Amino acid sequence: MTVTRGLEGIIATTSSVSSIIDDTLTYVGYNIDDLAEHASFEEVVYLLWHRELPNLEQLNEIKKQLAENAKIPQQVIDHFKSYPINKVHPMAALRTAVSLLGLYDDEADVMNNDANYRKAIRIQAQLPTVVTSFARIRKGLEPIEPRTDLSMAANFLYTLTGEEPSEVAVEAFNKALVLHADHELNASTFTARVCVATLSDVYSGVTSAIGALKGPLHGGANEAVMKMLTEIGEVENVEPYINEKFANKEKIMGFGHRVYRKGDPRAKHLKIMSEKLTKLTGQPKWYEMSTKIEELVTAKKPLPPNVDFYSASMYHSLGIDHDLFTPIFAVSRVSGWLAHILEQYENNRLIRPRAEYDGPVQQTFVPVEQRL
Ligand SMILES: CC(=O)SCCNC(=O)CCNC(=O)[C@H](O)C(C)(C)COP(=O)(O)OP(=O)(O)OC[C@H]1O[C@@H](n2cnc3c(N)ncnc32)[C@H](O)[C@@H]1OP(=O)(O)O
Ligand SMILES: O=C([O-])CC(=O)C(=O)O
């Protein structure tokens with residue numbers, strides 16, 4: 001047996017959802033650069049689930065289905081209100097809420113393609129409402145019901161703040177949703193696939209994936225980037241801060257990637273939006289600090305920024321609480337998780353690798369009363 005730590009480079013499945021070839025990311029063969037510039041998040045959801053772009057009628061239909069299913073059960077809201085709310089991280093609340101949503105879905109354990117697709121619609125529609133409801137409840141505010149006339153990007157910002165967002169805010173947020181939607185066999189998607197490959201249900205798959213996304217080596221890195229920027233505080237502090245990190249052999253959050261070597265093709269789009277929004281909102285220092293960090297890190301190591309790096313300053317400039325950054329990642333990535341879950345069910349085989357045993361061997365059992 002040869003052990004490949006972290007399963008690096010191992011091809012564990014075939015998939016027609018997204019591809020990363022020579023540092024180019026596509027969803028169903030469409031280059032991410034084109035999708036980031038021209039597609040709505042709803043179009044991307046349709047593309048990932050149906051493997052083709054929707055025509056106008058199909059797009060309107062999925063938008064309608066998502067809008068009609070965006071309301072969450074009162075029980076989830078009441079559950080949030082019962083928490084020691086200021087001690088609960090929104091990713092933990094989201095993980096718990098998705099599991100809870102399953103309890104109120106009559107089809108949770110119905111296993112056929114149509115029922116699984118209907119659950120995908122409901123989960124995709126409800127996740128943003130879960131995140132914004134939690135964000136409001138912990139501030140002592142009532143949740144806001146999503147509007148049926150707004151896009152998913154606009155609705156997220158509206159149900160978070162209660163105000164209709166500006167065009168540029170919606171453009172940036174939509175772009176972020178499109179860019180985070182899928183990424184081949186990343187850790188959380190793999191987790192979802194491992195879970196449902198036991199023929200467990202869709203809610204279990206998504207709940208498991210949220211747990212994997214939460215970690216700072218994966219989706220949790222966007223919040224960690226903002227923590228770093230806040231600790232640095234001012235542009236003149238960047239250099240000593242980064243030098244110290246390297247001297248202590250600590251990781252710089254938002255840099256490096258298991259698959260990309262030359263660079264993450266999504267980062268440039270988020271960098272542009274970060275520059276635009278931080279300037280527009282009169283807080284350019286977050287972008288300036290970020291570019292200085294990029295300059296210093298890439299001069300020391302071949303470690304380009306990943307998708308999490310510039311999304312942090314961009315979300316901050318939209319006035320979003322830092323601990324909501326990873327839940328926002330989940331609001332987008334759930335579209336990819338669901339595409340992979342449906343694909344896994346279509347051609348399922350239990351996922352069960354092996355471990356090379358490296359513990360002690362041929363031990364002699366000693367009864368408990370004789371053990372030292
Ligand atoms: C959406 C996403 O999940 S994107 C990734 C988000 N995560 C982050 O931004 C956290 C910071 N980055 C990292 O921890 C890593 O780059 C990962 C987890 C993304 C990829 O990890 P791996 O593929 O296992 O790379 P690994 O950790 O082995 O790093 C290889 C080398 O680069 C170094 N390195 C990798 N990332 C970083 C970093 N962010 N800062 C400093 N050094 C780094 C490692 O220390 C290691 O150096 P060495 O060979 O001298 O020991
Ligand atoms: O693919 C990965 O390893 C991490 C990830 O989810 C992404 O970059 O979007």
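This is a predicted model: local features need pLDDT of at least 70, side-chain atom pairs count only at pLDDT 80 or more; totals for chains, interfaces and linings use all residues.
User: Which residues surround ligand 2?
Analyst: A residue counts here if one of its heavy atoms lies within 4 Å of the ligand. For ligand 2, the residues are H183, N186, H218, H257, R266 and R333.

User: How many nonpolar, polar and charged residues does the shell around ligand 2 have?
Analyst: The arginines R266 and R333 are part of this shell, and Arg counts as charged. By class, the shell around ligand 2 has two charged, four polar and no nonpolar residues.

User: How far from an oxygen atom of ligand 2 does a polar side-chain atom of R333 lie?
Analyst: A pair of N or O atoms is a polar contact if it is within 3.5 Å. H257 has a polar side-chain atom 2.7 Å from an oxygen atom of ligand 2, and R266 has one at 2.7 Å. For R333, the distance is 2.7 Å.

User: What share of the accessible area of ligand 2 does the protein cover?
Analyst: On its own, ligand 2 has 270 Å² of accessible area. The space that the ligand takes is the largest pocket.

User: Which residue in β2 is the bridge partner of I21?
Analyst: Strand β2 spans residues 24-27, and four bridges join β1 to β2. The two strands run antiparallel. The partner of I21 in β2 is T24.

Conventions: Residues are numbered from 1 along each chain as its sequence is written. Chains are lettered from A and ligands numbered from 1 in the order in which they are written. Side-chain values use heavy atoms; hydrogens and water are left out. A polar contact is a pair of N or O atoms within 3.5 Å; within protein, one must be able to donate a hydrogen and the other to accept it, and residues adjacent in sequence count only if both atoms are side-chain atoms. Accessible areas come from the Shrake-Rupley method with a 1.4 Å probe; for residues, only the protein chains shown count as cover. On a 1 Å grid over the protein atoms alone, a cavity is a set of points where a 1.4 Å probe fits but cannot get out, and a pocket is an open set with protein on both sides within 12 Å along at least five of seven lines; lining residues have an atom within 4 Å of a point. A molecule sits in a cavity or pocket if more than half of its atoms lie within 2 Å of its grid points. Two strands pair if DSSP finds at least two bridges between them.
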